[in-house]
Amino acid sequence: MGTNEDRDRDAISELSSLDDPVRRRLYDYVRTCDEAVSREDAAKAAGISRTLAAYHLDKLAEAGLLTVGYARAAGRGGPGAGRPAKRYTRTDQELSVSVPPRDYGLLAGVLAEAVAADGSGAVREAVAAAARAAGRSAGGEDLTSALRGCGYEPATTAEGSIDLRNCPFHRLAREHTELVCWLNLHLVRGVLEAGGQQPGRAVLAPRPGRCCVVVDPPEQESEAAAARQPHRDAR
């Protein structure tokens with residue numbers, strides 16, 4: 001485990017990979033895809049050749065910004081199907097640089113431990129109130145933009161709900177999952193309130209690789225709330 005200076009040097013090197021506009025387009029495309037992306041699909045999305053896409057995708061993988069896997073195209077298998085092709089997905093790695101170095105993750109961890117040690121629940125409720133107030137301050141009429149401003153990557157599903165494809169507090173959530181889910185829930189509810197929308201649209205629905213919160217369509221709020229009641233009881 002390196003020093004803060006070492007981590008910042010590595011982060012600067014990794015982030016510099018996104019300075020190239022072609023690489024940035026490729027990275028942005030891959031990170032918005034739920035499934036692993038082939039070189040062909042990435043090239044088409046970025047408007048470049050497959051060879052050039054392969055070069056930049058591999059550079060992004062070398063920098064730790066993408067993860068490489070191998071898989072055949074859907075429906076192809078057995079003899080004559082050829083070798084599995086490279087496919088790319090985004091990593092869960094968080095990159096941040098501060099000069100001089102700062103360790104806000106350490107501070108967040110200390111505060112999370114303090115919340116966990118409070119048996120009365122008063123600190124937990126204070127966290128919920130503060131998160132909701134922060135959401136109201138960050139919110140606005142454009143819900144998607146407001147969520148992006150809070151660090152989420154919102155995506156509207158075919159059913160009209162809003163799927164949050166990441167957790168802005170992923171590193172902390174690995175050790176303090178329940179607390180971070182609680183914070184996310186009230187932060188998003190505050191964002192909804194700021195836009196004049198029903199805060200109950202934000203519900204807990206933990207899934208791998210996603211934020212624990214989903215924003216239901218307005219007309220499905222009461223129905224979805226009943227369906228997800230076990231999640232609420234488990235908080």
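How many residues does helix 4 have, and how far does helix 4 reach from its first C-alpha to its last? Helix 4 (residues 50-62) has 13 residues and reaches 18 Å, close to the 18 Å expected at 1.5 Å a residue. The expected span is 1.5 Å times one less than the number of residues. Helices (H or I, at least four residues) and strands (E, at least two) are DSSP runs, numbered from the N terminus.

The model is predicted: local features need pLDDT of at least 70, side-chain atom pairs count only at pLDDT 80 or more, and totals for chains, interfaces and linings use all residues. Residues are numbered from 1 along each chain as its sequence is written, and side-chain values use heavy atoms, without hydrogens and water.

Buried residues of helix 4 include Ala53, Leu57 and Leu60. Buried means under 20% relative accessible area (1.4 Å probe, protein chains only). The buried residues of helix 4 pack against helix 2 (21-31), helix 3 (39-46), strand 2 (66-71) and strand 3 (85-90). Contact here means heavy atoms within 4.5 Å. Gly64 follows helix 4, and its phi is positive, near 85°.

An open sheet is formed by 3 strands in the order 1-3-2, with antiparallel pairing. Its edge strands are strand 1 (37-38) and strand 2, each pairing on one side only. Two strands pair if DSSP finds at least two bridges between them. Strand 1 and strand 3 pair over 2 bridges. Ser38 stands opposite Arg87 in strand 3.

Arg189 lies in helix 9 (residues 177-194). Arg189 counts as buried because its relative accessibility is 12%. Its side chain reaches the backbone oxygen of Pro199 at 3.4 Å.

How values were computed: Buried means under 20% relative accessible area, exposed over 50%, partly exposed in between (1.4 Å probe, protein chains only). A polar contact is a pair of N or O atoms within 3.5 Å; within protein, one must be able to donate a hydrogen and the other to accept it, and residues adjacent in sequence count only if both atoms are side-chain atoms.
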